[in-house]
Amino acid sequence: MSVETFLDLFTRIQFQVGLLAGGLGLLLLRVLPRGRVGWGLAATISAIAAIQLTVGRRIGVTIGLIALGVGGSLLDRVEPGARATVQSLGWVIIAMGAIVTTVRGGLSATPWIQVLTPIVVVFTGYWLASWGHLPQRMLLGPLFAITAFGIWSTVPNTDSARVLIGVSLPLVLATLPGSRARISAMGAFPLAGLTAWIAADGGALRHGSIVGSWACVGLLVLLPMIKSNGVELRPSLVLLVQALFVLVASRAFGLWETALSAGVGVLSLSAASYLLLANVGNQDTVAGRQPKQERRNG
């Protein structure tokens with residue numbers, strides 16, 4: 001990808017309106033009481049509003065995203081007496097929202113796209129929601145910005161992806177240390193739905209690019225899996241691996257014509273990345289605990 005392509009991105013109206021919308025979203029996160037609007041919800045609202053203004057009306061997608069947010073908000077509720085019932089209802093609404101986003105989102109009628117898109121939405125949303133509990137949640141904004149660039153560099157139709165990049169850049173500031181922004185299920189599932197839809201819609205002309213773009217979430221999904229096993233990773237390593245993962249997914253597998261070949265490549269890349277990070281993280285964790293053990297022995 002040439003320098004001229006990057007410069008062209010910054011001159012496009014979709015990017016510029018997305019940047020403005022992301023800036024307004026950042027302002028809302030700063031002004032409103034903590035927790036009133038989460039990071040994921042701010043990003044989703046900013047992006048879909050900018051897409052409506054610059055790309056075209058996406059009523060079906062908007063309805064699906066609203067359902068995903070409503071379902072996610074039910075998952076966030078923790079009242080012990082109603083938890084099982086409320087969360088079950090939440091999952092039903094999330095599934096319906098993912099289906100509406102796919103069916104009413106103007107995506108290709110190709111069967112595998114119609115089947116896999118809702119699954120990708122729910123799977124990605126589930127792991128995104130867990131970022132609210134991670135000690136490294138300040139990396140959420142930078143990692144998502146890398147994901148947005150990966151989608152833009154992969155799909156043939158980049159209109160909506162330009163918006164996503166513009167929105168993601170200001171919102172990086174909202175997750176840095178000292179900020180108040182957090183992500184919850186109410187924001188994670190709509191953001192996952194929007195991201196998956198942008199990839200599937202923009203990649204309609206080359207199906208391999210859809211799979212490659214979906215994979216650009218990278219460590220946004222893999223890191224919570226690794227952290228669930230008690231593994232610690234250095235922030236610099238996380239950012240580096242995310243950049244490399246997205247580079248391979250977007251500029252290698254995402255450029256393949258068939259979805260099957262791209263899918264095999266993505267699964268192999270994901271497995272290798274997971275094993276690498278888990279191994280490195282375990283070594284770092286053991287090394288970090290060793291001095292304490294030696295001091296106790298002394």
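Predicted model: local features only at pLDDT ≥ 70, side-chain atom pairs only at ≥ 80, totals over all residues.
View 1. Trp256 sits at 36% relative accessibility and counts as partly exposed. The structure holds 9 aromatic pairs. How do the rings of Phe253 and Trp256 meet? Their centres are 5.0 Å apart and their planes stand at 75 degrees, so the pair is edge-to-face.

View 2. Trp39 and Phe144 pair edge-to-face, with 5.7 Å from centre to centre and 85 degrees between the planes. This pair links distant parts of the chain: Trp39 belongs to helix α3 (residues 39-54) and Phe144 to helix α7, 105 residues apart.

View 3. Helix α7 runs over residues 140-152, which makes 13 residues. From its first C-alpha to its last, α7 reaches 18 Å, close to the 18 Å expected at 1.5 Å a residue. How many of the residues of α7 are buried? The count is 11 of 13, so the helix is mostly covered, with buried meaning under 20% relative accessible area. Phe144 is one of the buried residues. Others on that list include Leu140, Gly141, Pro142, Leu143 and Ala145. Further along, Thr147, Ala148, Gly150, Ile151 and Trp152 are buried as well.

**View 4. An aromatic cluster.** Which residues come together in this close-up? Trp91, Tyr126, Trp127 and Phe189 form one aromatic cluster.

**View 5. The second largest cavity.** The largest share, 3 residues, comes from α9. Sorted by class, the lining has 5 nonpolar and 2 polar residues, and no charged ones.

View 6. Side chains of opposite charge can pair when their charged atoms come close. The model has 2 salt bridges, and one of them joins Arg162 to Asp159, at 2.7 Å from N to O. Both residues lie in helix α8 (residues 159-171), 3 residues apart, or about one turn of the helix. An α-helix has 3.6 residues a turn, so residues three or four places apart point the same way. Arg162 counts as buried, at 7% relative accessibility, while Asp159 is partly exposed, at 26%.

**View 7. Asp8 and Arg12.** Which residue forms a salt bridge with Asp8? The partner is Arg12, and the closest N and O atoms are 3.2 Å apart. Asp8 counts as partly exposed, at 31% relative accessibility. Arg12 is also partly exposed, with a relative accessible area of 32%.

Note on methods: Residues numbered from 1 in each chain as written. Heavy atoms only, no water. Helix = DSSP H or I, 4+ residues; strand = E, 2+ residues; numbered from the N terminus. Expected span 1.5 Å × (residues − 1). Buried < 20%, exposed > 50% of the residue type's maximum accessible area, 1.4 Å probe, protein only. Nonpolar A, V, L, I, M, F, W, Y, C, P; charged D, E, K, R; others polar. Salt bridge = Lys/Arg side-chain N within 4 Å of Asp/Glu carboxyl O. Phe/Tyr/Trp six-rings, centres within 6.5 Å; stacked < 30°, edge-to-face > 60°.
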